[in-house]
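Subject: Structure handover

Hello,

The structure is placed below for your use. My notes on the sheets and on a surface patch follow it.

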Amino acid sequence: MSQTSQQEIISRHSLLWLLIVNIAVLAPLYDKFTPWTLAICGICLVWRFGIFVGKVAKPPRYLVTGLAIASAITLALVTSEIGILNGLINLLILGYALKYIEMRNRRDVRTVVLVGYFLIAITFIDQQSIFYAINLTFVAGINTCVLVSLYREDVKLKETARIGFKLLFQSLPLAALLFLVLPRLPPLWLVPQQKSTETGLSDEVSFGDITELTRSAELAFRADFTQSPPGNHQLYWRALVMEDYDGRRWTQNKSIDDIEENTPFRTPKRVRPEGQSIQYSVIAEPSNQHWLFGLDTAFSSDSGIINLPDYRLYSVRSLDQKFQYRVESYPDYTMDSRLDDEVRQLNLQLPDGINPRTFDLAKAFETRFPEPETRLNAMMKYFTEQPYFYTLTPPQVGPQQIDDFLFENKAGFCVHYASAFAFMARASGLPARLVTGYQGGEINQNAGYLSIYQYMAHAWTEVWLEDKGWVRFDPTAMIAPQRVLQGFDSYFQAQDSYLLDSPFSPLRLREFPLLNELRLTLASIDFYWSVWVLGFDTNKQRQVLQKLLGEVTQKKVAIFVLLSIALIGLAIAYSAGLIHFSRGKDRISSTYLRICRLLEKKGLIRDTRQGPIDYSQTVQQNFPAIADDFALFTKYYVALKYQPLSANGRKQTVKLFLQQSRKLKLKIINGKKA
């Protein structure tokens, strides 16, 4: 075998690292695998393990080629279901697995490592939490260890890991520098939208929809206010407005659907509200939906956000990643002080022949209370005068849903009460619509932000009044005031709602003060990671550079970058042994020589060829008064210079050595010769 062929053989050392990295790279992508992809990756991993232990030979090329063709055909068939992006990710995973099983030389290993870095980057695009960032940094370190093993076959597994992670950590300062100074430009391309399950609120609502969300402990979004956040009873997070009602479901009107579908090609213009504003930022969790969240009346100037005519916020792209945006809310602003006839008729429409008993009740209210506000207040009071009950498990209703709810069951959730109130308002001649979103929020006292979870989903009614515009009415506040004033947890048991299907939710730690404090601390870390890393936009970049450089100019930034790169280069060169800096004097030796020079001043000259033990004997003969102290001093010196000591042992010996030197110094200076 030629020397070149010998050098291309993959060592068992590298094969072991490849087994480790294959699992580490693919594991975080588990939710992207199709069944066929999972099966092929499993076959490749088991086969490669068989090669490692010497039980099987490398697979023939026709087998690998056949698997590749079958994979491509299967992906072509299912891409329409899983989405283009997921299809491309599965294609890359299959290429990684198939190349992994048919590796024959070091060049193939380098190819596998390079694809591994791409898969790590893809995982981070999809999973951007601080947990995944730490995890993927560790995986990148393991991937680097594979490269190290190709060139350092003589070192052990532990040493390979040390070198690989050292190389990775040496690159982090440069990565941080580039993250800090590179312009925050939008990408020149758009990643295809993923096809995955939507979470959170839907754009149509029936009696049972929001009730299902109360069984979810997932985080919906976080909000950070520039000042103290409003009280819980003011935290109505608007997400969707429903104006069409068919007797069973509330849905968005087609005019709003058309605006959303044509965004951003035809962007509606909504002027910024006037008055005193509340400023805050929101970090929305991935939901694969477009609607955003804001308090009334919300307005955002951020790019990629549309301020819709129904006073909602809408994202141009679906939220397939965490999304941070800034909002200004104007709580005293009048929404639609004038109402178009078309919009008025839309919000007065009711299907014929449905809920006749509720219709008659509304007409009775209209007769008794001609003045709209008095009528609406009487309707709200009606819910407290009757034996209504607020529950997460309401009884079933028939075709006449609201009639069954109001007159038979008298038990329901927020959608039941909001739907009934909107129906009665319309039946009595007042334009009304249903609004869905979230109500309340959990305050993190350590960091000062609010966490809003899926179980806080809520529905309420808006009624249009002359000179007041759209006014919020929430019948839930009449039936279960604690739900609105103090939050969901003050009224419902967590174990019977959002924790019922979440046995491992961190929200279960609320019952234990110390563990709950730990939960909030970890949540704060994730929050700051989202704000300062994932949300590091042009404004934050400018703020950081101003703190570092003062006035930010191109010249200052260029000098800062060059100096930083120079320092990083020096640190790496020093770590690699390419440059050396002169070290200061050895403290142990200098202390010993200082005592020797004091004795020279007393007349005892030390021969440079004389060792420390021989010199100790000479001191004993000439200075018997300090003989024992000098002998102990010499013992510590010899131990520190020539004997192997543990870290703790050396620390203790150094301490004793320095104490003994000070004692000797005093005795010598005081002239104790005999």
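For residues, buried means under 20% relative accessible area, exposed means over 50%, and partly exposed lies in between (1.4 Å probe, protein chains only). At 39% relative accessibility, R594 therefore counts as partly exposed.

Two points on the source. This is a predicted model, in which local features need pLDDT of at least 70 and side-chain atom pairs count only at pLDDT 80 or more, while totals for chains, interfaces and linings use all residues. Residues are numbered from 1 along each chain as its sequence is written, and side-chain values use heavy atoms, with hydrogens and water left out.

Surface patch

R594 belongs to a positive patch, together with R597, K601 and K665. Patches are made of residues with over 30% relative accessible area and no salt bridge; like charges are joined within 9 Å, and nonpolar side chains (Val, Leu, Ile, Met, Phe, Trp, Tyr) within 5 Å. A salt bridge here is a side-chain nitrogen of Lys or Arg within 4 Å of a carboxyl oxygen of Asp or Glu. Lys and Arg count as positive, with the charge placed at NZ of Lys or CZ of Arg. R594 sits in helix α21. That helix, residues 587-601, gives the most to the patch, with three residues.

Sheets

Helices (H or I, at least four residues) and strands (E, at least two) are DSSP runs numbered from the N terminus. Two strands pair if DSSP finds at least two bridges between them.

An open sheet of six strands runs in the order β8-β11-β6-β2-β16-β15, with antiparallel pairing. Its edges are β8 and β15 (442-443); each has a single partner strand, so one side of each is left without a neighbour in the sheet. Strand β8 (residues 298-299) pairs with β11 over two bridges, and F299 stands opposite E328 there. Between β11 (residues 323-329) and β6 (residues 278-284) there are seven bridges, with V327 as the bridge partner of Y280. Further along, β2 (residues 219-225) and β16 (residues 450-453) are joined by four bridges; F221 faces I452 in β16.

An open sheet of three strands has the order β1-β5-β4, again with antiparallel pairing. Here β1 (204-205) and β4 (244-245) stand at the edges, each with a single partner strand, so one side of each lacks a neighbour in the sheet. Two bridges join β1 to β5 (residues 250-251), and E204 has T251 as its bridge partner.

Regards

Definitions and conventions: Areas by Shrake-Rupley, 256 points an atom, 1.4 Å probe, with all protein chains shown as cover.
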